[in-house]
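Hi everyone, thanks for making time. I'd like to walk you through one part of a structure and then stop at a couple of single residues. Here it is on the screen.

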Amino acid sequence: MSSDSSKHIDTVLQHTGTARFDPDTGVAPVNQPPVRASTVRFRDLSALENAYRRKAAGERAITYGRAGMDTHLALESIFNELEGGTHCYLSSSGMASNTLVFMALLSAGDHALVADCVYGPVRELHDAVLSRLGIEITYFSPDADLETLVRPNTRLLYAESPGSLLFQMMDMPALAAFARKHELVLATDNTWGSGYVYRPLELGAHVSVIAGTKYVGGHSDLMLGAVVTRDDEIARRLGGTQYAMGYSVSADDVWLALRGVRTMPIRMAQHAKHAMAVCEWLATRPEVSRIYHPAWPQDPGHALWQRDATGSNGMLAVSLKLSPTAARRFVEALTLFGIGFSWGGFESLVQLVSPKDLATHAYWQEGELAAVRLHIGLEDPRDVIADLEQALRKAAES
């Protein structure tokens, strides 16, 4: 977690990446200010040459503004603390971070095993880009026999836990054991846990990806991603690819993420508390056939969540005994929920999950009619529940 392991992560998040004292005045702001730069000056040629030597050795060295300055370094340090990593690479979005992993770790002719519950745009990345480069992907369900799917040219095992849309937990230590047996890199999208309530590197993963857009930012006003590892060779490949592909993040967005992450502990705990209250209410409703939320005791992944996670958040999905038309009426009758695809901000959001998206998830049970994904925000849960209740009434109207 930290160089001082006696400190709780909540404490570490308040004291990592703060601004340094000015050596002349002895004064420093509390939070690291946004340092914007395109051109970087070097004191002399020796300083320039030293920076390039450090960069070649895989160290964090500034040679051009695209790599970021002190503000970026502060956020990288925080992501490393969250994930228990040693190397962090920022990108302009969570999807850009997913792309960085695939481009850095795969070459033409390689094959990857990817969980079928992965973030939907990863499929689009394969269809639009990776397949054109001669990279093959096989999607697997959480209960698949991976031994029958691995090939001589398989190089990457890519997961997401809990999964996108339906939040199924994956057995990360078991995936890690399989990856090591077959000399594969195990990477996982950890946006749900954001390093705070779920730490896949400690469970055996080589690479963890976070969309800082979500709970790290926390205010629905920035786009940002990060890739974290503790493996030096993987870090070398990630760093080389990041720089070669021209990845760059605005110092202002990085500053917003620094601001947001300081309050992430209290925000995530409150989101989780509110989501559990909503789950308890949904369980009493005759319109609900299943709740998808790993912290919910009746969820099939609850035991894995208890073993591997330290908390939860505001994300859940629900299977409704409603026709497609009634499900649309339900969503459009909600007044406190915005209709949108993101999550992790202060607000409640709803997404009517399409049958096409559900068809790619083995976790979706045959016979279930409609799925709605909810992000439970920081509103009073009593008001949120009242809104859901009136929307269900309107959904039942013919």
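Let's start with strand E10 and strand E11 (residues 348–353), which pair in the parallel sense over three bridges. Pairing here takes at least two DSSP bridges between two strands; the strands themselves are DSSP runs of E, at least two residues, and helices are runs of H or I, at least four residues, numbered from the N terminus. Within this pair, Gly-338 sits opposite Leu-349 of E11.

Quick word on what you're looking at: this is a predicted model, where local features need pLDDT of at least 70 and side-chain atom pairs count only at pLDDT 80 or more, while totals for chains, interfaces and linings use all residues. Residues are numbered from 1 along each chain as its sequence is written, and side-chain values use heavy atoms, with hydrogens and water left out.

So where do E10 and E11 belong? They're part of an open, mixed sheet of five strands, ordered E8-E9-E12-E11-E10. E8 (288–292) and E10 (337–339) are the edge strands: each has a single partner strand, so one side of each has no neighbour in the sheet. From one strand to the next, the twist averages 25 degrees.

Now the helices. Helix H9 (residues 264–282) lies across E8, E9 (315–320) and E12 (370–375), at about 15 degrees to E9. Angles run from 0 to 180 degrees between N-to-C directions, with axes fitted to C-alpha atoms, for helices over the stretch in contact. Helix H11 (residues 324–333) packs on the sheet too, touching E9, E10, E11 and E12, and its direction makes about 165 degrees with that of E11. Contact means heavy atoms within 4.5 Å.

Back to H9: which of its residues are buried? Among them are Met-264, His-271, Val-278 and Trp-281. Buried means under 20% relative accessible area, with a 1.4 Å probe and protein chains only.

Last stop, Lys-214. The UniProt record, an unreviewed entry, annotates Lys-214 as "modified residue: N6-(pyridoxal phosphate)lysine"; such annotations may be inferred rather than shown by experiment. You'll find Lys-214 in the loop between strand E6 (207–211) and strand E7 (225–229). Buried or exposed? Lys-214 is buried, at a relative accessible area of 12%. Leaving aside neighbours within four places in sequence, Lys-214 is in contact with Thr-191, Ser-342, Trp-343 and Gly-344.

How values were computed: Buried means under 20% relative accessible area, exposed over 50%, partly exposed in between (1.4 Å probe, protein chains only).
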